[in-house]
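Student: Please walk me through one part of this model in close detail. I'd like the cut-offs as you go.

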Amino acid sequence: MLGASRTFGYWPGKIWAKIFCILSLVRVKVYGREHIQKNTSYVFVANHQGAFDIFSIYGYLGHNFRWMMKKGLESIPLVGYSCRVSGHIYVDNSTPSRTRTTMATAEKQLAGGMSVVVFPEGSRTLDGKMHAFRRGAYQLAMEFGLPVVPVTIDGAYKVMPRGAILPRPGVIKLTIHEPICAPEGGRHELASLMSQSYEAIASSL
């Protein structure tokens with residue numbers, strides 16, 4: 001609300017997420033953080049095992065970012081408003097004009113080394129398995145020529161699967177894979193980009 005979303009859209013969430021993990025007796029181990037650079041914009045794509053995916057990435061990714069999330073989440077009291085003023089991006093593809101608005105918002109947020117995090121499965125898995133990815137995150141990467149960084153979340157399903165009321169103590173492994181960059185002087189190829197990132201994420205499960 002005070003116009004400092006680039007700072008306060010990240011640090012309070014990061015601290016809150018770490019505290020929540022500690023109080024829940026959930027330990028997060030991070031591998032591959034050396035693959036990302038502080039002032040570079042990325043499109044992070046991660047599998048979606050459960051509610052603790054949010055805490056794991058917010059608290060332990062170690063890179064300032066904004067979430068790309070479903071438009072329907074904006075209607076959640078307080079949360080929807082907080083996410084909007086913090087600069088997180090609501091995806092609305094209901095009409096071509098709203099898709100363009102989403103892309104314009106994303107372009108604005110990605111300035112100055114800011115990144116975005118997307119769960120391309122769209123929602124949390126019901127059975128613990130990774131399911132097909134949607135194209136939105138990859139279209140964003142193609143539009144702006146950004147590297148895609150696959151992130152594997154392993155263990156969050158055991159800690160708190162979809163439908164659970166309380167978490168169980170456990171360990172979540174967060175693996176940050178090497179960025180998938182566009183070919184020199186060219187653009188990403190959508191099918192290849194989706195396939196490479198899916199395989200990278202699956203390799204650490």
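Student: What is the volume of the largest cavity?

Tutor: It has a volume of about 30 Å³, where volume is the space filled by probe spheres set on grid points joined across faces, edges and corners. Before we go on: this is a predicted model, with pLDDT of at least 70 needed for local features and 80 or more for side-chain atom pairs, while totals for chains, interfaces and linings use all residues. Numbering runs from 1 along each chain as its sequence is written, and side-chain values use heavy atoms, leaving out hydrogens and water.

A cavity here is a set of points, on a 1 Å grid over the protein atoms alone, where a 1.4 Å probe fits but cannot get out; lining residues have an atom within 4 Å of a point. The count is one cavity of 30 Å³ or more. Its lining is made up of N47, H48, Q49, E121, T125, G128, K129, M130 and L205. Sorted by class, that gives two nonpolar, five polar and two charged residues, with Asp, Glu, Lys and Arg charged, Ala, Val, Leu, Ile, Met, Phe, Trp, Tyr, Cys and Pro nonpolar, and the others, Gly among them, polar.

Buried in α8 are L190, L193, M194, S197, A200 and I201. They sit on the same side of α8, because their arc around the axis is only 135°, taken from the directions from the axis to the C-beta atoms. A191, E199 and S203, on the other side of α8, are exposed. Buried means under 20% relative accessible area and exposed over 50%, with partly exposed in between (1.4 Å probe, protein chains only). The cover over α8's buried residues includes β2 (43-46), α6 (136-144) and β6 (148-154), with contact meaning heavy atoms within 4.5 Å.

For another helix to set beside it, take α2 (residues 11-23): its 13 residues reach 18 Å from first C-alpha to last, close to the 18 Å expected. G13, K14, A17 and C21 are the buried residues of α2. Those residues share one side of α2, since they cover an arc of only 100°. I22 and L23 are exposed on the other side of α2, and the cover over the buried ones includes β1 and α3 (52-60).

Methods: Helices (H or I, at least four residues) and strands (E, at least two) are DSSP runs, numbered from the N terminus. On a 1 Å grid over the protein atoms alone, a cavity is a set of points where a 1.4 Å probe fits but cannot get out, and a pocket is an open set with protein on both sides within 12 Å along at least five of seven lines; lining residues have an atom within 4 Å of a point. The expected span of a helix is 1.5 Å times one less than its number of residues.
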